[in-house]
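Hi,

Here is the model I promised to pass along.

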Amino acid sequence: MSAARLAVVGRNSLTYNERVARELRERFRSAGVFVASVAASASSGKTALLERTLEALLPTYQIAAVVADPAGDCDARRLARRQALVRQITTGTAAALDAGMVDRVIDGWDLEDLDFLLIENVGTLVGASSYELGEDLRVVLVSVTDTEDTTLKYPAIFKCADAAVVTKMDLADAADFNGDASHRNIEAVRPGIPVFEVSAKTGWGMRDYLTFLETRRLERTLDGLGVAE
Ligand SMILES: Nc1nc2c(ncn2[C@@H]2O[C@H](COP(=O)(O)OP(=O)(O)OP(=O)(O)O)[C@@H](O)[C@H]2O)c(=O)[nH]1
Ligand SMILES: [Mg+2]
């Protein structure tokens with residue numbers, strides 16, 4: 001295929017994704033469901049963060065989760081133990097989720113019944129930023145076992161994120177994690193982004209992150225109702 005043809009295909013597929021994402025966003029808004037996606041490299045703690053989130057919020061809210069992996073349904077089975085609605089997307093060789101995959105996997109769900117829809121993207125820092133999924137909030141994770149330079153090496157995913165979560169804080173000392181450098185690098189790439197430090201294992205730091213999620217959902221609801229600031 002020629003370079004020109006490739007460029008056209010690339011542009012068309014992006015336009016298609018933007019259209020599907022816009023339709024999804026309108027459906028989510030009119031149903032009143034707040035949608036947050038989580039992206040990060042493999043094994044950085046995305047599913048563990050979702051498990052903790054479900055554990056804390058399920059007594060109060062109706063929550064569904066969509067998880068994506070190249071193969072298998074391990075993550076869906078982990079989350080299903082929390083009694084939430086869960087579906088797995090198997091992406092095969094696709095680098096990341098796109099809006100069409102989300103659209104298909106939520107088929108049949110009554111969105112009006114949901115307060116939150118949580119989406120775990122495929123474990124990669126490359127490509128997960130390419131496609132909007134109609135979400136209200138994009139959360140990017142970085143683990144203390146990653147290098148503090150991760151943000152500088154993979155800026156695209158941080159530039160389009162609304163919040164950053166540093167995970168596995170219980171391992172910070174063992175991993176010789178340099179929190180100042182990590183925060184400095186995140187701030188350099190995405191100035192002003194809220195940064196949360198958590199341990200999904202112990203629950204440390206989860207309160208601030210969960211309060212943030214709830215607040216963003218409430219703000220979105222009030223915006224929809226036209227309630228002035
Ligand atoms: N010590 C510690 N381990 C954690 C924490 N969060 C996750 N882990 C461990 O890190 C490993 C990966 O966690 P997952 O939650 O599966 O990570 P993931 O990002 O969903 O992984 P993929 O979906 O495969 O990309 C597991 O062994 C978890 O038990 C944490 O806060 N502290
Ligand atoms: Mg996972």
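The largest nonpolar core holds 64 residues, and Val38, Ala65, Val140 and Val165 have the most contacts inside it. A nonpolar core here is a set of buried Ala, Val, Leu, Ile, Met, Phe, Trp, Tyr and Cys residues joined through C-beta atoms within 7 Å; buried means 20 or more other C-beta atoms within 10 Å of a residue's own, exposed means 12 or fewer, partly exposed is in between, and C-beta atoms are placed from the backbone. Setting aside neighbours within four places in sequence, Ala65 is in contact (C-beta atoms within 7 Å) with Leu50, Leu54, Leu79, Ala84, Val86 and Leu118.

This is a predicted model, where local features need pLDDT of at least 70 and side-chain atom pairs count only at pLDDT 80 or more, while totals for chains, interfaces and linings use all residues. Residues are numbered from 1 along each chain as its sequence is written, with chains lettered from A and ligands numbered from 1 in the order in which they are written.

On confidence, the protein averages a pLDDT (the predictor's confidence in each residue, from 0 to 100) of 92, and 94% of the residues score at least 70. Over residues 1–8, though, the pLDDT is below 50, and this stretch has one contact beyond near neighbours in sequence.

Now the ligand: 18 residues surround ligand 1 (C-beta atom within 6 Å of it), and the closest are Gly45, Thr47, Ala48, Gly123 and Lys201.

Finally, aspartate 180 counts as exposed because it has 8 C-beta neighbours inside 10 Å.

Best wishes

Conventions: Two residues are in contact if their C-beta atoms, placed from the backbone, lie within 7 Å.
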